[in-house]
Amino acid sequence: MDGDSSRLAGPEGLRFLKMHGLGNDFVVVDARGRPDPVTPALARALGDRHRGVGFDQLAVIRDDAGTAAAVDFWNSDGSRAAACGNATRCVGRLLLAESGAAGLDVRTGRGILRVEDAGNGLIRVNMGPPELSWDRVPLAREMALDPLPIAGGPGAAGMGNPHCVFVVPDVNAVDICVRGAAVEHDPLFPERTNVEFVQVLDRRTIRMRVWERGGMVTFACGSGACAAAVVTARRGLTERNVTVKLDGGDLGIDWREDGVWMTGPATLVFEGRLAPEILAGAGA
Ligand SMILES: N[C@@H](CCC[C@H](N)C(=O)O)C(=O)O
């Protein structure tokens, strides 16, 4: 067992929030002031849409000395992700409401990220500058990031997590399950990769569908939208400030000097408690 969940596994179970950003859905666990209960087995059990709660990512809020809080991200296959843009907005919304501040910092595997209330129910996050060297994406060996030597000539960008971006004429014509799963495991990506398929609609608008590392199609991917905007801007196809139209809705992406800013909604759906037997079944 990676963490001690004994304080959380009492008769009342483990409290969690269900949230989403454009249909990219999350379970959020607040582990501040207590041991982090999450193990790979618990992430898989919670992430099971039939026997658990179901999520695209699990976000765990932890105490942090230098920022409002630290946040860890888990995929539903039990793997970890350093970055998750949509979940950062969701956790940011909770922390902003709790503090009453208009802006604050959170620590993630991606580094310290600025989160701000953008008004109209929207949250804005600086996802940091893109990683544009082969070893920081990371790729398996030294090479140019764009185009990669993969059929379709995608471009790569890192946002704390790896992204492989295909620019295609018609995003709806792509079988993203088949191509996404194959590219996720391409040996060019030693840590596997998220896979984005992007259609440029005009210089300020792109349409994107995504296969996320961890083995799933999701309605939206915040870090993927940042990476897609970076790749299309570097190719000269778009401005650095674009709207990304995802299956779940629109994200505003603005690649500025200080990083890639992402603006979008963060929705609280419900609060729940995980039954102790589910925790026990996951070995927690
Ligand atoms: N949905 C997220 C990205 C999630 C992480 C990804 N599956 C990975 O393993 O890198 C987002 O909104 O950025």
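**View 1. Cys84 sits in a loop between strand S5 (80-81) and H2.** The model shown here and in the other views is predicted. Cys84 is buried, because 33 other C-beta atoms lie within 10 Å and 20 or more count as buried. Apart from neighbours within four places in sequence, Cys84 is in contact with Gln57, Ala59, Phe73, Gly222 and Ser223.

**View 2. Cys221 occupies the loop between strand S13 (216-218) and H4.** With 36 other C-beta atoms within 10 Å, Cys221 is buried. Neighbours within four places in sequence aside, its contacts are Asn24, Asn194, Val210 and Glu212.

**View 3. The ligand is surrounded by 19 residues.** The closest are Ala81, Asn86, Asn161, Gly222 and Ser223. By type, the shell holds four nonpolar, 12 polar and three charged residues. Domain 1 (14-127 + 266-281) and domain 2 (155-257) each contribute at least three residues to the shell. Helix H2 (85-99) and helix H4 (222-234) each supply at least two; the largest share, three residues, comes from H4.

**View 4. Helix H4 is largely enclosed by the rest of the structure, because 12 of its 13 residues are buried.** Among the buried residues are Gly222, Ser223 and Cys226. From first C-alpha to last, H4 reaches 18 Å, close to the 18 Å expected at 1.5 Å a residue. After H4 comes Gly236, with a positive phi near 80°.

Notes
Residues are numbered from 1 along each chain as its sequence is written. This is a predicted model: local features need pLDDT of at least 70, side-chain atom pairs count only at pLDDT 80 or more; totals for chains, interfaces and linings use all residues. A residue is near a molecule or strand if its C-beta atom, placed from the backbone, lies within 6 Å of it. Helices (H or I, at least four residues) and strands (E, at least two) are DSSP runs, numbered from the N terminus. Ala, Val, Leu, Ile, Met, Phe, Trp, Tyr, Cys and Pro count as nonpolar, Asp, Glu, Lys and Arg as charged, and the others, Gly among them, as polar. Domain bounds come from an automatic or database domain assignment. The expected span of a helix is 1.5 Å times one less than its number of residues. Two residues are in contact if their C-beta atoms, placed from the backbone, lie within 7 Å.
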